[in-house]
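The following exercises are to be worked with the sequence and the coordinates at hand. Each task is followed by a solution in steps.

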Amino acid sequence: MSMIKVTVIDREGTSHELDAPTDMGMNMMELCKSAELPVEGTCGGMAMCASCHMYVKSDHALPEKSNDEEDMLDEAFHVSEESRLGCQIHLADDLDGLTVHLAPVG
Amino acid sequence: MIQTDILIIGAGPCGLFTVFEAGLLKLRCHLIDALPQPGGQCAEIYPKKPIYDIPAYPSILAGELVDRLMEQAEPFQPGFTLGERAETIEKDDEDQFILTTSRGTKHRAPIIAIAGGLGCFEPRKPPIENLSNFEDTGVEYIIKDPEFYRDKKVVISGGGDSALDWTIFLADGVASEVTLVHRREGFRGHLDSVQKVMDLAEQGKIKLLTNAEVVGVDGDDHLQTLTVNHKQQGEMTLDTDHWVPLFGLSPKLGPIADWNLNITKNAVEVDTVDYSTNVPGIYAIGDINTYPGKLKLILCGFHEATLMVQSAFKRIYPDKNLVLKYTTVNGVSGF
């Protein structure tokens, strides 16, 4: 199994270093949920809600946002240039060291 | 007063299938849902998405699943109270629950089945500190009656179809002034609505502010001004009578949180013997419940509904014996 390290900073500012498998088709929303971090993932990962909104803090080159993701971020609050939906960040080997900050719930 | 045997809160897949299973035991059902249409998440969030884990359906669209569940429930003539949120419950002197909705509709039943999924869908509210001060005095999250805005100045926020459609509608001789504020340059609504809004802006019939966001509300007794933050131009002030932020819906557990049920992490704890809660006569099935090993799958909700109605039957008719009858042998005889 190939693993990478990912850092998730929760809404209280606490940093969680997580081991993330890259061969299980997982995304950041699912990783946070499996680590029992407070990420809702209401729609299950279809980019149809914005409950896994997070800010990407490291300078990893992520794939461009899809229209669906852009549209959903329209309905989120506290959106910035760093905003992404966690469910659209698919865990892959080149994301080793990724750091994200959970967006406020709103 | 609406009287039934099982009062189902939530008209999603799980609630709808309960009608069928209860019907086989000659129990009548009535469903309450905060949304205006049955189907829950399947109809509201992802009607056009395929589901692949419904037994015997290699693939079925969520909206189609709802249609089929409605068809399956139909012989048992379920009642519906839609667009109303289940608000309060009390017991009467005959040990029946009296449930009152947000609009005051009263329902009476010996059994309540909470099939509320993620909770009730409520408008997403922008995180502005004093916003709630203006909720009855100029800030509305849903447009109920467009006449309410006649000859008024209205600001609408959002980039989806409802924001575009209402902008177009209110600009057509209803409101005295319409401003649409949207965070991005692009809109995600239908192309022809987007074009129409662009045309209206060009003709000077509406004011269009893109790359902008409402960040503040102010006024004395009634909303008077909005503070808008524009990406290039910085902060500006808009005079208005109304602000309608349209940012979609998000689910909240809602009033059932106050029904003295044991709740863990926004879910209702149940006994897996029959999916009963800690309150006798109230059951919880589907995504809203939790127990060791819980999986939030439609498939599992169907199973829970089936076992739950057996227990409900025994509660309503403690002296009657229940024999499992197969539909293949007996068919389905409706009411």
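This is a predicted model: local features need pLDDT of at least 70, side-chain atom pairs count only at pLDDT 80 or more; totals for chains, interfaces and linings use all residues.

**Exercise 1. Domains and confidence**

Task: State which domains are assigned to chain B and how far apart their C-alpha centres lie.

Solution. The domain assignment of chain B gives domain 1 as 2-122 + 250-330, and domain 2 as 125-247. Between the C-alpha centres of domain 1 and domain 2 of chain B the separation is 38 Å. For chain B the average pLDDT is 95, with 100% of the residues scoring at least 70. The model as a whole has an ipTM of 0.76 and a pTM of 0.82.

**Exercise 2. Strands 7, 8 and 9 of chain B**

Task: Determine how strand 8 of chain B pairs with strand 7 of chain B and with strand 9 of chain B, and describe the two turns.

Solution. Begin with strand 7 (residues 86-91) and strand 8 (residues 97-101) of chain B: they run antiparallel and are joined by five bridges. One residue pair to locate is Ala86(B), which faces Thr101(B) of strand 8. Five residues lie between the strands of this hairpin, and Asp95(B) adopts a positive phi near 65 degrees.

Next, follow strand 8 to strand 9 (residues 106-109) of chain B, where four bridges make an antiparallel pairing. Here Phe97(B) has Ala109(B) in strand 9 as its bridge partner. This hairpin has four residues between its strands, and Gly104(B) in the turn shows a positive phi of about 85 degrees.

**Exercise 3. The setting of Pro255(B)**

Task: Is Pro255(B) buried, exposed or partly exposed, and which residues does Pro255(B) touch?

Solution. Second, count neighbours: Pro255(B) has 18 C-beta neighbours inside 10 Å and so counts as partly exposed, because a buried residue needs 20 or more and an exposed one has 12 or fewer. Third, list contacts: leaving aside residues up to four places away in sequence, Pro255(B) touches Arg85(B), Ala86(B), Glu87(B) and Thr88(B). Among these, Ala86(B) is the residue that stands opposite Thr101(B). By contrast, 23 Å separate the C-alpha atoms of Pro255(B) and Ile143(B), which are 112 residues apart along the chain.

**Exercise 4. The contact between chains**

Terms used
Residues are numbered from 1 along each chain as its sequence is written. Chains are lettered from A and ligands numbered from 1 in the order in which they are written. Two strands pair if DSSP finds at least two bridges between them. Domain bounds come from an automatic or database domain assignment. pLDDT is the predictor's confidence in each residue, from 0 to 100. Two residues are in contact if their C-beta atoms, placed from the backbone, lie within 7 Å.
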